[in-house]
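Me: Could you walk me through this structure, starting with the surface and then going on to the pocket?

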Amino acid sequence: MSASELSATERNALPLPGFAEQLSTRLAFLITGLAMSAWAPLVPFAQERLDVNEATLGALLLCLGGGSLIAMPLTGPLVIKFGCKKFITLSLLLMCFSLVFLGVAASVPSLALTLLIFGLSLGATDVAMNMQAVMVEKASGRSMMSGFHGFYSLGGIFGAVIISGLLWLALSPFESLLILTGVLLVMLAYTAPKLLTYGSTETKTGDEKRDPFFVLPRGKVLLLGVLCFIVFLAEGSVLDWSAVFLTSVREVNPIHAGLGFACFSVAMTIARLTGDRIVQALGGKRILLWGGSCAALGFAIVVFVPYTIAAYIGFTLIGLGASNIVPVLFTAAGNQKTMPMSLAISAVVSLGYAGLLAGPALIGFIAELSSLSIALCIVALGLIALAACANKVTRVE
């Protein structure tokens, strides 16, 4: 009998998630962040190894995002069927092994296939671990989602640092990935036994129809997905365009252009790691209202205050403001009643990830038609719209 076929009585007998399950959730986020960020420093090595131009490299990188977008909408029902423990363990194993092969893929087709598999595992893990996070948070009776996402951000910082350090020690990309993957597998061996054996705590009766394998988001879930798209668009804009803005508009030395994203990333990580207490104290409505406003103010300072130090302050404010918005949106997706939790989480994560992937290209298109400053202002307007929806999104329906 699958988890989705359990009766209400049988579900009530399930062990409530405790400290062990909270720790396993944090480690799943950390492992995913480490694996995801490990690829970034190796992109130039892959381009050199394959001897391809930027256009071909860009097409290859789309395989990673494409794999994630394929997996995300389909993951929820699979987690319901097999449970978090089996599904997350399998997807993390697939992620680790495909990560190693990213360092040795010697042809365009092999790298494209490896990136596709890596993207599939990343997308599947992202949805599944957020589903577990929602259940663990509900059982705890307090806000925990920001802390979970903080561990992902922490992994994002340390993964790139570890790989860069190993490469600096003259290790090859394959050797560097092999070492990191060994560490990830040890972490996974500790994490897997503590993952939830089930995939949902939503009750079902024998008379209820099974949830469809995939449905288009609707109602409140669609709104949550659109808002998630906006905040991921903001994050992607800083990731891909902050250095360009600093060098082309503020005429910053390219050596220092990366400091804009560094300010954003550090601010976001710190705010997420301390975010659970903040969300608990302020509530989701104020987080969306003040967070969206703070991030919009950050973009305004970056664009309209013509000083380099002001730009760094602006990027810091964007990181602080945006940090806890996504966790609040994911919590809201888990609490809404419009759609089953599994389908809602899949839809919201998918739409958000689409913003991260397609957003920077959209910014480039707008910048080409007008200017990069105007494009960033449009992102700020989107964040203001997000803040305006704070009450509707967090209202229990």
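**Surface, loops and pocket**

Me: Which residues form a nonpolar patch on the surface?

Reply: In this predicted model, the patch on the surface is made by Phe101, Val104, Phe174 and Leu178, and together these nonpolar residues have about 350 Å² of accessible area.

Me: And where is Phe174 found?

Reply: Phe174 is found in helix H8, which covers residues 173-191, and Phe174 counts as partly exposed because its relative accessibility is 32%, which lies between the cut-offs of 20% and 50%.

Me: Changing topic, what is the phi of Asp51?

Reply: Asp51 is not a glycine, yet its phi is positive, near 55°, and the residue sits in the loop between helix H3 (43-50) and H4.

Me: Is Asp51 buried or exposed?

Reply: Asp51 counts as exposed, because its relative accessibility is 70% and the cut-off for exposed is over 50%.

Me: What about Ala170, where does that one lie?

Reply: Ala170 lies in the loop between H7 and H8, where it has a positive phi of about 75° although it is not a glycine, and with 67% relative accessibility Ala170 counts as exposed.

Me: Now the largest pocket: what volume does it have?

Reply: The largest pocket has a volume of about 1,600 Å³, and of the 48 residues that line it, the closest to its centre are Met36, Tyr152, Leu239, Phe261 and Leu356.

Me: Which helix gives the most to that lining?

Reply: H10 gives the most to the lining of the largest pocket, with 8 residues, and by class the whole lining has 29 nonpolar, 15 polar and 4 charged residues.

Technical notes. Residues are numbered from 1 along each chain as its sequence is written. This is a predicted model: local features need pLDDT of at least 70, side-chain atom pairs count only at pLDDT 80 or more; totals for chains, interfaces and linings use all residues. Side-chain values use heavy atoms; hydrogens and water are left out. On a 1 Å grid over the protein atoms alone, a cavity is a set of points where a 1.4 Å probe fits but cannot get out, and a pocket is an open set with protein on both sides within 12 Å along at least five of seven lines; lining residues have an atom within 4 Å of a point. Grid points are joined across faces, edges and corners, and a volume is the space filled by probe spheres set on the points. Helices (H or I, at least four residues) and strands (E, at least two) are DSSP runs, numbered from the N terminus. Ala, Val, Leu, Ile, Met, Phe, Trp, Tyr, Cys and Pro count as nonpolar, Asp, Glu, Lys and Arg as charged, and the others, Gly among them, as polar. Patches are made of residues with over 30% relative accessible area and no salt bridge: like charges are joined within 9 Å, nonpolar side chains (Val, Leu, Ile, Met, Phe, Trp, Tyr) within 5 Å. Accessible areas come from the Shrake-Rupley method with a 1.4 Å probe; for residues, only the protein chains shown count as cover. A salt bridge is a side-chain nitrogen of Lys or Arg within 4 Å of a carboxyl oxygen of Asp or Glu. Buried means under 20% relative accessible area, exposed over 50%, partly exposed in between (1.4 Å probe, protein chains only).
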